[in-house]
Amino acid sequence: MSPPGRANRTADDAPAVDRVGVSVYTVPTEVPEADGTLEWDSTTMILVEAVSGDVTGLGWTYGQAATGQVITGALAGIVTGLSAYDVPAANEAMSRALRDAGRQGLAAGALSAVDIALWDLKARLLGLPLVHLIGAARPDVPVYGSGGFTTYTPRELEDQLRGWTQEQDIPRVKIKIGESWGGAPDTDLDRIRRARAVIGDERELYVDADGAYSRKQAVMMADAFEDYGVSWFEEPVPAADLPGLRGVRDAVTTEVTAGEYGYDLPYFARMADAGAVDCLQADATRCGGVTGWLRAAAVAQSHGLEISGHHAPHVHAHVAAAVPNIRHVEWFHDHVRIESDFFEGVLDPAGGRVTPGVSGAPGLGLVLRREHAERYRTA
């Protein structure tokens, strides 16, 4: 089919990327939030709009506002004029352009947001849902409810858990532990007991320590909460401590997981080679966008591992459905709240699964509700 509304074409007659726009939004949390090692009271989304003619693709990452400056200063000019169809070429060009700037951290988030926008643009130009452009490996994707912040009161925690399990019928949920860098283990165990009592025996219970524990403390904690059927122990020790993750994994029956801070393929390869995790996590808004996430999934599969999409659920749903080794996508409270407010066409997690592309809308299937987003725009 002929691409609609294109203003410029590349040398091979493909539609070109005409421009790349960036907006930054900071959204306050409902209440102060924290995990085991960090506190926050707002979440910042850096939104990219990649334009070809009258077609616009959307991409985003979550992080610091300075990420937007990386996009406008180092990346927008790199991809402008390139073929809107050749997203891997644009990804590689951006990666090379960031060599001296530093490819990790904020720069990786910037690259990821542009890559996601370019994939969304390509799918929209071709009139296909992104999952159909990539090619589906499965019709739908499991999700798990995620939040359970350490700052929540018992009532707030219970209400959130009931919302996921009773109102939305999501059969797997995750809460934060490791409060005060592992300094409150009794409180952690009390929250685990409370969570199990609320969700009942039939649903899966996950915990995330965000690297708060030492190696031996993580093993002792896992032994202590084994009676409560915790099946997923995320970042029991810092994610950079691959020997530590492997040691905890070998010592406990609960699955050990990590990977959300992976910015490139060598990181995932090192984690998989080390035998550090039972399930690899990867975040498309950090690890190189759609292009990078699909490659991370291949690394995981080559090591016999499943992969889980971290945060940003409406980015991950389409790519998750495109790989055979997907475990699930994180239905993260902060990002669900923002994405549901900012976009029309959001997915329904009822029953614990989402079906990307079900509406037939092209790309990620989302329409920016600009007037809603504008309330929080800072740049």
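Helices α3 and α11 are roughly perpendicular to each other, because angles of 65 to 115 degrees count as such, while those under 35 degrees count as roughly parallel, those over 145 as roughly antiparallel and the rest as oblique. Their axes come within 6 Å and cross at roughly 95°. In this contact Ser112, Asp115, Ile116 and Trp119 of α3 meet Gly289, Val290 and Thr291 of α11, and by class the contact has 3 nonpolar, 3 polar and 1 charged residues.

The model is predicted, so that local features need pLDDT of at least 70 and side-chain atom pairs count only at pLDDT 80 or more, whereas totals for chains, interfaces and linings use all residues. Residues are numbered from 1 along each chain as its sequence is written, and side-chain values use heavy atoms, with hydrogens and water left out.

Some terms need their limits. Helices (H or I, at least four residues) and strands (E, at least two) are DSSP runs numbered from the N terminus; axes are lines fitted to C-alpha atoms, for helices over the stretch in contact, with angles running from 0 to 180 degrees between N-to-C directions. Contact means heavy atoms within 4.5 Å. Ala, Val, Leu, Ile, Met, Phe, Trp, Tyr, Cys and Pro count as nonpolar, Asp, Glu, Lys and Arg as charged, and the others, Gly among them, as polar.

Helix α11 (residues 289-302) also packs against α12 (residues 313-320), and these two helices are therefore oblique to each other. Val290, Trp293 and Leu294 in α11 meet His316, Val319 and Ala320 in α12, a set of residues that divides into 5 nonpolar, 1 polar and no charged. A further pair is formed by α5 (residues 154-167) and α7 (residues 185-199). The packing values of these two pairs are as follows.

| Helix pair | Angle | Axis distance |
|---|---|---|
| α11 and α12 | about 50° | 10 Å |
| α5 and α7 | about 35° | 9 Å |

Turning to open space, a pocket is an open set of points on a 1 Å grid over the protein atoms alone, where a 1.4 Å probe fits, with protein on both sides within 12 Å along at least five of seven lines, and lining residues have an atom within 4 Å of a point. The largest pocket has a volume of about 840 Å³, and of the 34 residues that line this pocket, the closest to its centre are Leu38, Tyr62, Gly63, Arg286 and His311. The largest share of the lining, 4 residues, comes from β2, and the lining divides into 8 nonpolar, 14 polar and 12 charged residues.

The second largest pocket has a volume of about 170 Å³, and among its lining residues are Asn91, Glu92, Arg103, Asp264, Cys287 and Arg295. By class, the lining of the second largest pocket has 3 nonpolar, 4 polar and 4 charged residues.

Finally, Ala379 lies in the segment after α14 (370-374). The C-alpha atoms of Ala379 and Tyr25 are separated by 7.2 Å, although the two residues are 354 residues apart along the chain. Leaving aside neighbours within four places in sequence, Ala379 is in contact with Ser23 and Val24.

How values were computed
Grid points are joined across faces, edges and corners, and a volume is the space filled by probe spheres set on the points.
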